[in-house]
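Take a walk through this structure.

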Amino acid sequence: MHELGIIVHVIRTVEEVGEENHLTEVRSVTCEIGEVSGVVPEYLTDCWQYARRKSELLKDSELKIEILPGVTVCEDCGKTYSTVKYAKQCPYCESYATHLVQGNGFSIKEIEGA
Amino acid sequence: MKDFKVIEVKRSIFEDNNADADNLRAELKSEGTFLLNLMSSPGAGKTTTLKRTISMLKDEMKIGVMEADIDSDVDAEAIAATGVRAIQIHTGGMCHLDADMTRQGIREFGTKDLDFVVLENVGNLVCPAEFDTGSTKNAMILSVPEGDDKPLKYPLMFSICDVVLINKCDTLGVFDDFSKEAVKERILKLNPYAKIFFVSAKTGEGFEDWADWIRTEVQSYQQD
């Protein structure tokens with residue numbers, strides 16, 4: 001259900017970009033999904049199949065997904081590590097003073113259209 | 001044959017929402033309306049907690065409640081019975097509210113004359129944590145029967161909340177494996193600035209401190 005909200009937002013944005021660029025047809029939309037964004041790619045594709053048909057511009061388009069890895073930085077030792085593997089605690093110095101630098105986002109990277 | 005080309009977009013969906021949320025926060029600030037985004041799992045006691053909170057504060061400040069629900073208005077009816085203004089926002093199947101939906105609710109509701117508005121988010125510990133609603137502060141309720149391990153399972157929710165209410169403390173005798181110390185430690189590890197109150201919406205235990213927090217926050221928000 002979460003994914004449906006995102007797709008609605010994506011379609012709205014692509015339609016805006018399509019209008020600005022005078023597109024009449026979009027062949028594909030590439031999205032970059034953070035590994036720890038909580039977004040499930042399979043659900044996203046399902047929602048896309050449902051929602052694209054309602055848009056004249058996007059009805060025959062494909063959703064392409066690229067995964068961006070989750071990276072956390074430690075504020076104490078300054079090293080970065082995989083968020084999925086080690087979560088909140090730094091594997092190098094065991095500090096909990098860490099924060100995510102990449103991987104919780106969701107963005108539209110590019111559109112292929114005419 | 002159409003000439004297809006690639007257009008770089010580079011628009012972040014979450015960032016769009018974050019920017020929109022910041023705008024809404026500024027709009028609310030200029031109106032002097034404090035918006036509290038209240039989150040929890042279904043059945044943690046959001047509506048009961050609200051009813052008791054309202055009864056303690058309604059003579060001191062103008063309160064409004066926006067109930068977000070997938071599809072029903074039982075909660076808005078319960079809140080309206082306390083005498084404060086309430087509306088129901090249907091999310092139409094969506095599992096969370098974003099800033100745009102919150103703004104639509106706020107505008108329809110008309111909050112300009114209100115001091116304190118509570119947005120009762122959809123009962124869910126995952127999705128609402130990921131979308132900034134534009135609220136002034138975030139609060140969540142964790143009830144004792146849910147277990148003291150929830151901060152470990154839903155870290156994002158606990159890390160974005162300014163306040164955590166541990167509700168149903170009257171049942172600690174029954175759920176005796178729930179450790180107040182453990183839950184506190186787990187929350188503070190994720191979020192060192194979180195304010196934690198142990199309460200019971202049923203008996204009223206701990207509500208004075210919670211009401212004081214609201215009084216102080218709303219007052220300082222409206223003064224600066």
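**A cysteine site and its surroundings**

Cys90(A) is buried, with a relative accessible area of 1%. Buried means under 20% relative accessible area, exposed over 50% and partly exposed in between, with a 1.4 Å probe and protein chains only. This is a predicted model: local features need pLDDT of at least 70, side-chain atom pairs count only at pLDDT 80 or more, and totals for chains, interfaces and linings use all residues. Residues are numbered from 1 along each chain as its sequence is written, chains are lettered from A and ligands numbered from 1 in the order in which they are written, and side-chain values use heavy atoms, with hydrogens and water left out.

Cys90(A) sits in the loop between helix H3 (83-86) and strand S5 (98-102) of chain A. Helices (H or I, at least four residues) and strands (E, at least two) are DSSP runs, numbered from the N terminus. Setting aside neighbours within four places in sequence, Cys90(A) contacts Cys74(A), Cys77(A), Tyr81(A), Ser95(A) and Thr98(A). Contact means heavy atoms within 4.5 Å.

Cys93(A) lies in the loop between H3 and S5 of chain A. At 34% relative accessibility, Cys93(A) is partly exposed. Beyond residues up to four places away in sequence, Cys93(A) touches Cys74(A), Asp76(A) and Cys77(A).

What does UniProt list for Cys74(A), Cys77(A), Cys90(A) and Cys93(A)? An unreviewed entry lists these four under "binding site". They span 20 residues in sequence, yet no two of their C-alpha atoms are more than 8.7 Å apart, so they gather at one spot. UniProt positions are given in the numbering used here, feature names are shortened, and annotations may be inferred rather than shown by experiment.

His2(A) is also listed under "binding site" in an unreviewed UniProt entry. His2(A) belongs to helix H1 (residues 2-20) of chain A. Is His2(A) buried or exposed? His2(A) is buried, at 5% relative accessible area. Not counting residues up to four places away in sequence, His2(A) touches Cys95(B), His96(B), Cys127(B), Glu130(B) and Phe131(B).

Now the whole chain. Chain A has three helices and six strands. Along the sequence they run α-β-α-β-β-β-α-β-β. The C-alpha trace of chain A spans about 55 × 25 × 15 Å along its principal axes. Of the 114 residues of chain A, 43% count as buried. Among contacts in chain A between residues at least 6 apart in sequence, 69% join residues at least 24 apart.
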